[in-house]
Amino acid sequence: MQFPALIFLSLVLSSLSLALPPDATKPLAYDKFRPLAEFLPTPNDQRTASGAPGKAYWQQQADHEINVELDEDTQSLKGSETITYHNNSPDTLTYLWLELDANLFAKHSASNLTEVLSGNQTDSIHLEKFHPKTLQAELLKEKFDGSSTIDAVTDTEGKPLSFVINDTMMRIDLPTPLVPGSTLRFNISWHYRINDGTLLPVRTGYEYFKKDKNYIFEIANWYPRMCSYTDVRGWQNKAYLGVGEFSLEFGNYLVKITAPDDHIVSASGELQNPEQVLTATQRQRLKEATTAKHPVFIVTPKEAQQNETHHSSGKKTWIFKADNIRAFAFASSRKFIWDAQGAPASVCADPQKRTMAMSFYPKEAEPLWSKYSTAAVLHTLEVYTKHTFPFPYPTVNSINGPIFGMEFSMICFNGTRPEKDGTYSREKKEELIAVVIHEVGHNFFPMIVNSDEREWGWMDEGLNTFLEHLATDLWEKGFHNDRSVPRNLTKYMTGPDLVPIMTTADSLLKLGGSAYAKPAAGLNLLRDTVLGPDRFDFAFKTYANRWKFKRPEPADFFRTIGDASGRDLDWFWRGWFYSIDPCSISVDTVHQYILDTGTPSIDKLVAKKEKEDRVKTVAEIRDANIKTYAELHPELKDFYSSYDEFSVLPSEQEKFQKLLKQLEEEEIDPNILTTKRNFYVIDFSNQGGLIMPIPLKLDYSDGTSEEFQIPAEIWRTNNQKVSKLLITNKELKSVQVDPHEELPEIHRDLNFWPRQLVKDHFQFQLEEKKKNPMQELEKK
């Protein structure tokens, strides 16, 4: 950034008289520019100081071969799997931990037992807003048990392995320790009842359509899977409570899904047996869709409508293969309309093999879904790959069902539908586009850049919400998706019950602000205000490419952005991610200074005029015509009675000559004494506590203006008050901080000098007049 033609000089500022520890230059609570080392782990061979994976970086791998059968009549699943676990760590493991996510629905799960009556948690119950469906859900919990029943855990020879279930976790005790570099294969069989996703919509479930007696199944978190084992925290075996999501290993999947033979099944991965499960017509349409310019119906609305009327008793097995993925999910229904279109080669990791963007939805989702879902999937891939990396997977599926918004590898569940009559509002249309973009975007974070969601919700939600904002901005002018715009965070940042972004996921309050909006707004601040798009985009893309198919921690993100952008951002991470300080920068005062020329005859005339122009006091005006005592007694007058205090004295002339001689001796041009400049000192105060740059607009009396930004480092010696000297040829008329509202300013009235009138709105509130009982009954 280039500064305007202004000269800034730093002024000496007063400092606080606080006691310092012997190794500090400023009090720790005061120095908001101290290194972030107190919060970040020490770099090592696994994770470097630059934020990149180190030479000794490792991660585990868990491959799955799964057979599962969906029973529509009983709304249940029965499955068996073989897990191949690769111990790539340097540690010898004597036991393994697995996730049993379906145990969230156990009657006495930690999630159910710790559900709170009121508060800011996402899963809290508010009696003052107690909806009938909420009561239905609570009553359902009394009788519904959706936990996994583990039928067997055996080794490859069929011998039982000892295991212990602890809420949503299962420990398998190994008969022989698993040494570094070795592999273990073992088998698990299980079954469980599927939850009603309209009443217990925790990322998975079914929806029943009473009118046509059909179901949509959106099945996720359904198979026993390995907990992550990492260099940072060993086993991540925190209980699944419903808010903190998942911490998973990459692996290769071969999954065989048996469903009613009139169902259409969508899943993570690529279909391996289209000849057995699709008609010749459907296969041909799918082939045409690969290079089509618009979505092609694989199952048309008419065909789906006809399919709804059949309830076959036969079965069909769909086989899907997915390599190097994090989470496998699927959806199944006879109600599905299915459309598809190939993505542009430019967004695909393998340009010779187009990624297929596909949508599956019932007639109740029309006409919104056929028009916008697959288009939104393709748009997401185009925007996200520009800021990260080419998309590496063969398919992306968007499913309409009971779950409003949830993501998995290559598949996501999106619940938005139009009204029953097929009409929809602009808000509903934008809701669908935004939720598809957001959930498809999760393929990048955390499905490829594999952060630990159980620990840090913001590392996927915040980064994804930031990119979602970029994508919706490019979808259509005027798109209403502004939750990550910094200026829209003021209500959140001044509200009660705030916690820092760097709070473990299950302890977050105000989840939407803490994990989504504020982290995303922070990235917008970095991109638009602190670094600029070029530097930020390079740094963000560097992070994405460094950590794709790896497991980053917050320190890796912070260090990479600073390293790749070439900017020390510890002050930013400290204020935005580790504190709850709001932003409020005040222009307190503006002082004008006039440079004395040193020439007595000139300076005395200026001083005389200033005195004459000085505002007269009330007493001076009132007593102007009253004769003084000295005037009434002329004998009291002396030399000073007629002396002009602005007369030039010989000593002053002599002093001026000495000044000129000294300037000559020091080779300073004496014309500097007659510099024609205006000198202003602008005093700022940090009223909120959050460190931010100071975007400025200066308006001059000649009608011109200038804009520039003072970097955040202005606050490095005093984060409460700073002053800046402005030297300019022009006369200053007004000063404004943050003229384009880049910052989340909570007191915009303090951004102006002189202060401006604050405008707001109010409305009349008329009480509704109700009929009394006599009026109601007499009419009957």
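This report looks at the cysteines, a helix residue and a strand residue of one predicted model.

Local features need pLDDT of at least 70 and side-chain atom pairs count only at pLDDT 80 or more, while totals for chains, interfaces and linings use all residues. Residues are numbered from 1 along each chain as its sequence is written, and side-chain values use heavy atoms, with hydrogens and water left out.

Let's start with the cysteines. Searching the whole structure for disulfides (a pair of cysteine sulfur atoms within 2.5 Å) turns up zero. For Cys 348, the nearest cysteine sulfur belongs to Cys 412 and is 17 Å away.

| Residue | Relative accessibility | Class |
|---|---|---|
| Cys 348 | 4% | buried |
| Cys 583 | 0% | buried |
| Ser 111 | 11% | buried |
| Val 735 | 2% | buried |

Next, the secondary structure: helices (H or I, at least four residues) and strands (E, at least two) are DSSP runs, numbered from the N terminus. Ser 111 sits in helix H1, residues 110-113. Setting aside neighbours within four places in sequence, Ser 111 is in contact (heavy atoms within 4.5 Å) with Leu 104, Tyr 240 and Leu 241.

Val 735 belongs to strand S30, which covers residues 732-737. Not counting residues up to four places away in sequence, Val 735 touches several residues, including Val 587, Ile 682, Leu 696, Phe 752 and Trp 753. Between Val 735 and Thr 416 there are 46 Å in space, C-alpha to C-alpha, and the two are 319 residues apart in sequence.

Note on methods:
Buried means under 20% relative accessible area, exposed over 50%, partly exposed in between (1.4 Å probe, protein chains only).
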